[in-house]
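Subject: A structure to look through

Dear colleague,

I am handing over a structure for you to read alongside this message. Please open it first, and then go through the notes below it.

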Amino acid sequence: MGILVTNCKKKDIRKEENIRSTLKHPPIKKIDGKGLLLAVDVGDEKTNHNIIKNCIANGVITDWFLFAPHKMRIAPPLIITDDELKSACNVINNVLMSWWV
């Protein structure tokens, strides 16, 4: 395996760990997936659609899965920086806080 592939895998693992550790909130039942292709389970379709709508309104582009409408898709570009990822996770957490209260 080349050094480029090894470095990419290390970055993806770190970024996935950052997402999983940052997105901690009561409506989140679990986070499925691997790398930067993740599914955030918020329990029901209506809640998920409202959360997604508010994330988009706050600059985070996301959607749901056709086969699992209760899960929000997290699939950032592979070139996303750590700061951009942290910012996106903060937006999601803020939306969850405003929705959960």
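This is a predicted model: local features need pLDDT of at least 70, side-chain atom pairs count only at pLDDT 80 or more; totals for chains, interfaces and linings use all residues.

Residues are numbered from 1 along each chain as its sequence is written, and side-chain values use heavy atoms, with hydrogens and water left out.

The largest nonpolar core has 22 residues, where such a core is a set of buried Ala, Val, Leu, Ile, Met, Phe, Trp, Tyr and Cys residues joined through side-chain atoms within 4.5 Å, and buried means under 20% relative accessible area, exposed over 50% and partly exposed in between, with a 1.4 Å probe and protein chains only. Helix α3 gives this core its largest share, seven residues.

Five salt bridges were found in the whole structure, each being a side-chain nitrogen of Lys or Arg within 4 Å of a carboxyl oxygen of Asp or Glu. One of them joins Arg-14 to Asp-82 at 3.0 Å, N to O; Arg-14 lies in helix α1 and Asp-82 in helix α3, so the pair ties together parts that are 68 residues apart in sequence. Helices (H or I, at least four residues) and strands (E, at least two) are DSSP runs, numbered from the N terminus. Another salt bridge links Asp-32 with Lys-71, their closest N and O atoms being 2.5 Å apart; Asp-32 is partly exposed at 23%, whereas Lys-71 counts as buried at 15%.

Best wishes
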